[in-house]
Amino acid sequence: MNYTLESVPCNICESDSHHIISAKGKGGLPTNVVLCKNCGLGYLNPRWDADSYMSFYRNEYDHYYRPKILKVDTYKKSDINPIEDRLKRFGHFPDSANTILDIGSGEGKNLKHFARLFPKSSLLAIEPSIESQKQLSEFGVTTISDNVDNDWELKHLDQVDIIIMRHVLEHFMDPLSALKKIRKALSNEGVIYIAVPNNLKPNKHLEGNWFRNVHTYYFNKYSLKNLLRLAGFEIMNITEGDQHNRHEVFLIARKSENIIEPSFSTEDYSEQLEVFTNQLKSDNRISQRILRILKQIRKAIR
Ligand SMILES: [Zn+2]
């Protein structure tokens, strides 16, 4: 398969002005991480185009990132589900839900859990992986699209009561336009749950693991707030990490009546730049130390 690269402006503020952070990521696939100098959003630029990514997700993604998919379902009733726990902890767990949509559901672990909480609800998924789609249909989930950028929302206007987006927004080609579609599908009382890696608290090593060619965006609490505002949401809670995952940022939001203006700040940009710069330096020191130890071991063996 031949993959094609494209250049893109910032998805939030449309600026082309960016600072290059790194050209390396997990697995050696093209991973050009930049930071928007105007609003501080991290993103890949240049990156694979939409056709390249779609082909990768359909055919190769599961093998790279979801090796467990072929194993048996290990779900236990006693497992605490982080999404349920967080919705309840912050007082936004819905009393009822007729329709639940999981975007990027994978094999449907979260949908299975929510089907037990709301046994009468219709379960919907947006999922590109053909293997995952098969598993979803086996327990009654309807895959309404294989691509969030299609016009799937037109058949589900104001219909969905819970929308789950767990570690999926950072994979999107155009998060702003996708969130606008998602807003149209959300019912008036509905809630959306979003969790993404927190780039203000990355888990080392950046170039060996954190930066990934499938992660087209690198969000933090500032860029998420701006993005959600532009898409017409009101954030009810946003939290950086908890006992379930210290390195993610998650939020619960609902439709906003009015568009709340985003706020762009050079301080937000500088804070993110400093986190990445310091982590890259520290990763580099650790790599150098490991190389020195390996050299010593090799010498000793000889
Ligand atoms: Zn920007």
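## Zinc site

Four donors count as tetrahedral if all the angles among them lie between 85 and 135 degrees. In this predicted model, the four donor atoms of the zinc ion make angles of 98 to 118 degrees, and the site is tetrahedral. The protein donors are the SG atoms of C10, C13, C36 and C39, lying 2.3 Å from the zinc ion.

Along the chain, the donors of the zinc ion follow the spacing C-x2-C-x22-C-x2-C. The pair C10 and C39 links distant parts of the chain, 29 residues apart. C10 sits in the loop between β1 (5-6) and β2 (18-22), and C39 in the loop between β3 (33-36) and β4 (42-44).

## Four-stranded sheet

An open sheet of four strands has the order β2-β3-β4-β11, with antiparallel pairing. β2 and β11 stand at the edges with a single partner strand each, so one side of each has no neighbour in the sheet.

β2 and β3 run antiparallel and are joined by four bridges; within this pairing, H19 has L35 in β3 as its bridge partner. β3 also pairs with β4 in the antiparallel sense, over three bridges, and here V34 has Y43 in β4 as its bridge partner. β3 and β4 form a hairpin with five residues between them. In the turn, G40 has a positive phi of about 90 degrees. β4 and β11 pair in the antiparallel sense over two bridges, and G42 stands opposite Y218 in β11.

In a regular strand the side chains alternate between the two faces of the sheet. In β3, V33 and L35 point one way, while V34 and C36 point the other way. These four residues are all buried, and C36 is also one of the zinc donors, through its SG atom.

## Seven-stranded sheet

A second open sheet is built from seven strands in the order β8-β7-β6-β9-β10-β13-β12, and its pairing is mixed. β8 (142-145) and β12 (233-240) are the edge strands, each pairing on one side only. From one strand to the next, the twist averages 20 degrees.

β6 is mostly covered: five of its five residues are buried. T99, L101 and I103 lie on one side of β6 and I100 and D102 on the other, and both faces are covered. β6 pairs with β7 (residues 122-126) in the parallel sense over five bridges; the bridge partner of I100 in β7 is L123. The pairing of β9 (residues 160-166) with β10 (residues 186-197) is also in the parallel sense, over six bridges. M165 stands opposite I194 in β10.

## Helix α6 against the sheet

Where does α6 lie? Helix α6 (residues 175-185) lies across β6 (99-103), β9, β10, β12 and β13 (248-255). Its direction is at about 145 degrees to β10.

An α-helix has 3.6 residues a turn, so residues three or four places apart point the same way. The buried residues in α6 are P175, L176, A178, L179, K181, I182 and A185. What covers them includes the strands β6, β9, β10, β11 (217-218) and β12, together with helix α8 (221-230). β11, part of this cover, belongs to the four-stranded sheet.

## Overall fold

The secondary structure of the protein comes to nine helices and 13 strands. The radius of gyration is 20 Å, close to the 19 Å that the globule rule gives for 302 residues, so the protein is as compact as a globular protein of that length. Along the principal axes, the C-alpha atoms fill a box of roughly 70 × 45 × 40 Å.

Of the 302 residues in the protein, 49% are buried. Among contacts between residues at least 6 apart in sequence, 69% join residues at least 24 apart.

Notes. Residues are numbered from 1 along each chain as its sequence is written. This is a predicted model: local features need pLDDT of at least 70, side-chain atom pairs count only at pLDDT 80 or more; totals for chains, interfaces and linings use all residues. Side-chain values use heavy atoms; hydrogens and water are left out. Donors are N, O and S atoms within 2.8 Å of the metal (3.2 Å for Na, K and Ca); water is not among the atoms, so sites may look incomplete. Four donors count as tetrahedral if all angles lie between 85 and 135 degrees; four count as square planar and six as octahedral if opposite donors are over 155 degrees apart and all others between 65 and 115; anything else is irregular. Two strands pair if DSSP finds at least two bridges between them. Axes are lines fitted to C-alpha atoms, for helices over the stretch in contact, and angles run from 0 to 180 degrees between N-to-C directions. Contact means heavy atoms within 4.5 Å. Buried means under 20% relative accessible area, exposed over 50%, partly exposed in between (1.4 Å probe, protein chains only). The radius of gyration is taken over C-alpha atoms; the globule rule is 2.2 Å times the number of residues to the power 0.38.
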